[in-house]
Amino acid sequence: EARAVGRLLRGGRRGCQQQKRGGGGAHRLHRANRMTEQANALEVASDEQSTTDIHAEAAFHHSVKEGEARASRPSHSLIATGLMGGVDVSVGVLAMLVVKEQTGSTVAAALAFSIGFLVLMLAHSELFTENYLHPVTAWIAHKASAAGVFRLWLGTLVFNLIGGWLF
C-alpha cells in the first residue's frame with residue numbers, strides 16, 4: 001500500500017509539472033492525496049488494533065493464571081470456599097424472603113438478594129456458576145489438567161449444595 005501511494009505521489013508530482021506545461025495531472029494529484037489519507041487512516045487503525053491485541057492478550061494470560069490457580073487448589077480450600085459459597089447464597093435468599101414478606105416489594109426483595117452475592121465476593125467464596133471461563137482457559141492453554149478442572153467443578157457444586165442445605 002505504501003509503495004502504491006509513493007508511486008501515485010511521484011506520478012502526481014509529474015502530473016503537476018505536466019499541468020504547468022498544459023498536461024492533466026490534477027486528477028492524479030487529487031487521487032494521490034486521497035490515497036495518502038487512506039494510508040494514514042489504515043496506519044492509525046493498525047495502531048489501535050495492535051493496542052486492542054495487547055489488551056486481549058493480557059486478559060487471556062490473566063485468565064489462564066487465574067484458572068491455573070483455581071484448578072490446582074488444595075482440597076481443604078476447595079471444601080471451605082465451596083461450603084461458604086452455598087451459605088453466602090442462602091443468606092441472599094433468606095434476605096430476599098424476609099424483605100419480600102415485610103415489604104411486599106419485589107424490587108426491594110431482588111435488591112436484598114444481592115446481599116448474598118456481596119458477601120460471596122467479599123469473602124472470596126467459590127460459587128459453581130463462576131467456575132467456567134478461567135479454568136477452561138487454563139485447560140486450553142495446557143496449564144491445567146482436565147481432571148483438575150473436573151475436580152474443581154464437582155467439588156464446588158457438591159459443597160455449594162451442602163452449604164446451602166446446612167444454612
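## Helix 3 and its buried side

Tutor: The model is predicted. In helix 3, the buried residues are Ser 77, Leu 78, Thr 81, Gly 82, Gly 85, Gly 86, Val 87, Asp 88, Ser 90, Gly 92 and Ala 95.

Student: What do the buried residues of helix 3 pack against?
Tutor: They pack against helix 4, residues 106-123, and helix 6, residues 146-166.

Student: How do you know that the span of helix 3 is close to the expected one?
Tutor: Helix 3 covers residues 75-103, which is 29 residues. From its first C-alpha to its last it reaches 42 Å, and 42 Å is expected at 1.5 Å a residue.

Student: What follows helix 3?
Tutor: Gly 104 follows, with a positive phi near 75°.

## Asn 160

Student: Why is Asn 160 called buried?
Tutor: Buried means under 20% relative accessible area. Asn 160 has 9% relative accessibility, so it counts as buried. The residue is in helix 6.

Student: What does Asn 160 touch?
Tutor: Leaving out residues up to four places away in sequence, Asn 160 touches Gly 82, Gly 85, Gly 86, Glu 126, Leu 127 and Phe 128. Gly 82, Gly 85 and Gly 86 are among the buried residues of helix 3.

## Two histidines in loops

Student: What makes the phi of His 124 worth a remark?
Tutor: The phi of His 124 is positive, about 55°, although His 124 is not a glycine. His 124 lies in the loop between helix 4 and helix 5, the latter being residues 133-140.

Student: Why is His 124 called exposed?
Tutor: The cut-off for exposed is over 50%. His 124 has 63% relative accessibility and therefore counts as exposed.

Student: What is the phi of His 142, and where does that residue lie?
Tutor: Phi is near 65° for His 142, a positive value in a residue other than glycine. His 142 lies in the loop between helix 5 and helix 6.

Student: Which residues make the nonpolar surface patch?
Tutor: The patch is made by Phe 150, Leu 154, Val 158, Ile 162, Trp 165 and Leu 166, and its area is about 660 Å².

Student: How do you know whether Val 64 is buried or exposed?
Tutor: Val 64 has 7% relative accessibility, and the cut-off for buried is under 20%, so Val 64 counts as buried. Val 64 is in helix 2, residues 26-71.

Student: What is Val 64 in contact with?
Tutor: Apart from neighbours within four places in sequence, Val 64 is in contact with Thr 137, Ala 138, Ala 141 and Lys 143. The C-alpha atoms of Val 64 and Ile 140 are separated by 8.7 Å, though the two residues are 76 residues apart along the chain.

## Salt bridges

Student: How many salt bridges does the whole structure hold?
Tutor: A search finds four.

Student: Why is the pair of Arg 70 and Glu 66 called a salt bridge?
Tutor: The cut-off is a nitrogen to oxygen distance within 4 Å. The side chains of Arg 70 and Glu 66 meet at 3.2 Å, N to O. Both residues lie in helix 2, four residues apart, about one turn of the helix. Glu 66 has a relative accessible area of 29%, so it is partly exposed.

Student: What makes Arg 70 and Glu 126 a salt bridge?
Tutor: Their side chains meet at 3.8 Å, N to O, against a cut-off of within 4 Å. This pair links distant parts of the chain, with Arg 70 in helix 2 and Glu 126 in the loop between helix 4 and helix 5, 56 residues apart.

Student: Why are Arg 70 and Glu 126 called buried?
Tutor: Arg 70 has 13% relative accessibility, so it counts as buried. Glu 126 has 4% and therefore counts as buried too.

Student: Which residues are linked in a network of salt bridges?
Tutor: Glu 66, Arg 70, Arg 73, Glu 126 and Glu 130 are linked in the network.

How values were computed: Residues are numbered from 1 along each chain as its sequence is written. This is a predicted model: local features need pLDDT of at least 70, side-chain atom pairs count only at pLDDT 80 or more; totals for chains, interfaces and linings use all residues. Side-chain values use heavy atoms; hydrogens and water are left out. The expected span of a helix is 1.5 Å times one less than its number of residues. Buried means under 20% relative accessible area, exposed over 50%, partly exposed in between (1.4 Å probe, protein chains only). Contact means heavy atoms within 4.5 Å. Patches are made of residues with over 30% relative accessible area and no salt bridge: like charges are joined within 9 Å, nonpolar side chains (Val, Leu, Ile, Met, Phe, Trp, Tyr) within 5 Å. Accessible areas come from the Shrake-Rupley method with a 1.4 Å probe; for residues, only the protein chains shown count as cover.
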